[in-house]
Amino acid sequence: MAIRKRGKGSWQVRVRPFPDMTVPTREAAQTIELDLKLRVKLGHLYREKPVTLGHELDGYLARKIAMGGRRGPLRPASVAFLQKSAKPWDPLRKVLISNLRRAMVEDRVAARAAVAPVAASNELELVKACLRTAASRGQSVDPGIFEIAPVRHEPTEGVALDLAQLHEIASTMPERIKRIVPFCGTVGLRFTEAVTLTDDRVDLEACEIVIPRDLNKGRRANGIPLARVEVQLLREQLLARPAGTRLVFPNEKGGVYSKSGFRSIWLPALLAAGLAHEQTNSQGRTVVVGDFRFHWLRHTAISLMARAGMKPELIAERVGHRDGGGLIYRRYRHLFPQETLDALHRVFGRG
């Protein structure tokens, strides 16, 4: 017998090879029993009751967050990235998976790709992964969706500045935060690593800061040695920051900067330094558009270390790469335009 009463308001369903399930009513138990027996009989031909894309997306994200990735638990930045990639699918959330067609997905991806090709690429890969999981769990999915071509886009090459330009950007920023620019421009911290840096991860005597594994993209704690000028920047910053906070680079209230909050001081500083421009948006308002991204302070740091003669493997270790310098060569090669010429001059002379 597949259904057994297990006390008041408790019915147990037992259908092998599935685990036992307990529900509050006999009617619910009968429904589950029928469904499980149908699964056994149909095998791979079984199809789940259709659910909406929104239901499947929510379940997929919840499982990803709970189970983590290949390197362990997902970082907060990775969770935010997944949630951001799922958001543009909101207009299709109420569509049943079985009614979702290639044209619906492809048209939406094409519209997104016209304004944000990189984001569109990420959003398409997310929905494909979600639907593959849905198909493996018994949902009927249009196979044409998996044949949609990836969104093609040209990656933007980073720009590296010199020390004078770093200080020029910082010169018009508030005193309490301006040292974040030259510090990240020589150490190479990512935005989240910088704005969450706290006192307990700074050792001025040992000339080192520590990035914990949950913030490090390489999934391991990374101790970063500091030069004397970088230690001095931190000493000055600790005196200039708002009182009563443990953060090294806090906002005006002593809290963690959001990206939008930081843009309010970042974009005017870029404009003053000639690294941003003004344009009129679709609402007819004049807005500031940056020509230099905060992440390119990391490019700048790598460039400065390379020009100073540091070996790629040492640069990689300092900025938290785990490939012994391979990514430095692949992704940041364009930052060293003089490298070949300098090597030729060392071998053959300057003529």
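User: What do the side chains of Lys-178 and Glu-175 form?
Analyst: They meet in a salt bridge, with 3.1 Å from N to O. Keep in mind that this is a predicted model.

User: Buried or exposed, or in between, for those two?
Analyst: Lys-178 is partly exposed, at a relative accessible area of 23%. Glu-175 is partly exposed too, at 41%.

User: What does Glu-236 form a salt bridge with?
Analyst: With Arg-179; the closest N and O atoms are 3.1 Å apart. This pair links distant parts of the chain, 57 residues apart. Glu-236 sits in helix 9 (residues 228-240), while Arg-179 is in the loop between helix 6 (163-171) and helix 7 (180-187).

User: Is Arg-179 buried or exposed?
Analyst: Arg-179 counts as buried, because its relative accessibility is 10% and the cut-off for buried is under 20%.

User: Which residues are linked with Glu-236 in a network?
Analyst: Glu-175, Lys-178, Arg-179 and Glu-236 are linked in a network of salt bridges.

User: How many salt bridges does the structure hold?
Analyst: It holds 17. One of them joins Asp-20 and Arg-14, whose closest N and O atoms are 3.4 Å apart. Asp-20 is partly exposed at 35%, and Arg-14 counts as partly exposed at 29%.

User: Why do such side chains pair in general?
Analyst: Side chains of opposite charge can pair when their charged atoms come close.

User: New topic. In what order do the strands of the open sheet run?
Analyst: Three strands form that sheet in the order 4-5-6, with antiparallel pairing. The edge strands are strand 4 (202-203) and strand 6, each of which pairs on one side only.

User: How many bridges join strand 4 to strand 5?
Analyst: Two, and the strands run antiparallel. Asp-203 has Glu-208 in strand 5 as its bridge partner.

User: And how many bridges between strand 5 and strand 6?
Analyst: Strand 5 (residues 208-211) and strand 6 pair over four bridges, in the antiparallel sense. Val-210 has Gly-223 in strand 6 as its bridge partner.

User: Which side chains of strand 6 are buried?
Analyst: Asn-222 and Ile-224, which point to one face.

Key. Residues numbered from 1 in each chain as written. Predicted model: local features only at pLDDT ≥ 70, side-chain atom pairs only at ≥ 80, totals over all residues. Heavy atoms only, no water. Salt bridge = Lys/Arg side-chain N within 4 Å of Asp/Glu carboxyl O. Buried < 20%, exposed > 50% of the residue type's maximum accessible area, 1.4 Å probe, protein only. Pairing = 2+ DSSP bridges.
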